[in-house]
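Please read the chain and its model side by side before turning to the questions.

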Amino acid sequence: MKKMINLAFIYGLVAMVAGVFYREFTKFNDFVGVTTLGKMHGHFLMLGTFFILILALLSQHLKVQEQKGFNTAFLTYNIGLIWMEVMFLVRGVVEVLNIEVSSGISAAISGVAGIGHILLGVGFVLIFLKLKKAAN
């Protein structure tokens, strides 16, 4: 549980840094409009900080971390979250700097981001299956 709380704290700090980066990077580049960078703060906060804090509270009572395969599910979730956020950063920087990319590069960025979303989703489902099993 302590490791989960520490990880949630780190995600919270990263969420704040992401929010400041979004604000300052767009301001520095005189960018006005919507960019993917704006999603990083909220995703790190909700999927990183709050989800893991709730999971830590549940694990205290359900001992979900003792379930076989939980560590793999948790690792998959975290890899997916970080992967997705890195691709938010890549897409957002391209948008703010108005870098012209070919449709192939744009599709590649979306595809790689999609892999992160898939890993996050798989980890999310596996964690919930472990929670359900621990609750029985």
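The questions and answers below go from the overall fold to single residues, and they concern a predicted model.

Q: What pattern does the protein follow when read along the sequence?
A: In this predicted model, the protein holds four helices and zero strands. Its C-alpha trace spans about 55 × 30 × 15 Å along the principal axes, and 84% of the contacts between residues at least 6 apart in sequence join residues at least 24 apart. Read along the sequence, the pattern is α-α-α-α.

Q: Which residues are in contact with Ile127, leaving aside its neighbours within four places in sequence?
A: Once the neighbours within four places in sequence are left aside, the residues in contact with Ile127 are Phe51, Leu55, Phe70, Ala73, Phe74 and Tyr77.

Q: Why is the pair of Phe70 and Phe74 described as stacked, rather than edge-to-face or tilted?
A: The count of aromatic pairs comes to seven. For Phe70 and Phe74, the ring centres are 5.7 Å apart and the planes stand at 20°, and planes under 30 degrees apart count as stacked. The two residues both lie in helix α3, four residues apart, or about one turn of the helix. The pair is therefore stacked, with a plane angle of 20°.

Q: Are Phe70 and Phe74 buried or exposed?
A: Under 20% relative accessible area a residue counts as buried. Phe70 has a relative accessible area of 1%, so it falls under that cut-off, and Phe74, at 14% relative accessibility, does so too. Phe70 is buried, and Phe74 likewise counts as buried.

Q: Which residues do ring pairs link into a cluster?
A: Two of the residues in question, Phe51 and Tyr77, are also in contact with Ile127. Ring pairs link them with two further residues, and the cluster consists of Phe51, Tyr77, Phe124 and Phe128.

Q: How many Å separate the C-alpha atoms of Phe44 and Met16?
A: Phe44 lies in helix α2 and is buried, with a relative accessible area of 7%. Leaving aside neighbours within four places in sequence, Phe44 is in contact with Tyr11, Val14, Ala15, Ala18, Thr49 and Glu85. Although Phe44 and Met16 are 28 residues apart along the chain, their C-alpha atoms are separated by 8.7 Å.

Q: Which helix gives the largest share of the nonpolar surface patch?
A: The patch, of about 600 Å², is made by Met1, Ile5, Met46, Phe50, Leu53, Ile54 and Leu58. Phe50, one of these residues, is partly exposed, with a relative accessible area of 38%, and its place is in helix α2. The largest share of the patch, five residues, comes from helix α2.

Q: Which residues do salt bridges that share partners join into one network?
A: A search of the whole structure finds two salt bridges. The side chains of Arg23 and Glu24 meet in one at 2.9 Å, N to O, while those of Lys27 and Glu24, three residues apart in helix α1, meet in a salt bridge at 3.5 Å, N to O. The network that these bridges form through shared partners joins Arg23, Glu24 and Lys27.

Q: Where does Asn98, which has a positive phi, lie?
A: Most residues other than glycine have a negative phi. Asn98 is not a glycine, yet its phi is about 55°, and the residue is exposed, with a relative accessible area of 63%. Its place is in the loop between α3 and α4.

Q: Is Asp30 buried or exposed?
A: Asp30 lies in the loop between α1 and α2, and its phi is near 50°, a positive value in a residue other than glycine. A relative accessible area over 50% counts as exposed. Asp30 has 68%, so the residue is exposed.

Key: Residues numbered from 1 in each chain as written. Predicted model: local features only at pLDDT ≥ 70, side-chain atom pairs only at ≥ 80, totals over all residues. Heavy atoms only, no water. Patch = residues over 30% accessible without salt bridge, like charges linked within 9 Å, V, L, I, M, F, W, Y side chains within 5 Å. Areas by Shrake-Rupley, 256 points an atom, 1.4 Å probe, with all protein chains shown as cover. Salt bridge = Lys/Arg side-chain N within 4 Å of Asp/Glu carboxyl O. Buried < 20%, exposed > 50% of the residue type's maximum accessible area, 1.4 Å probe, protein only. Contact = heavy atoms within 4.5 Å. Phe/Tyr/Trp six-rings, centres within 6.5 Å; stacked < 30°, edge-to-face > 60°.
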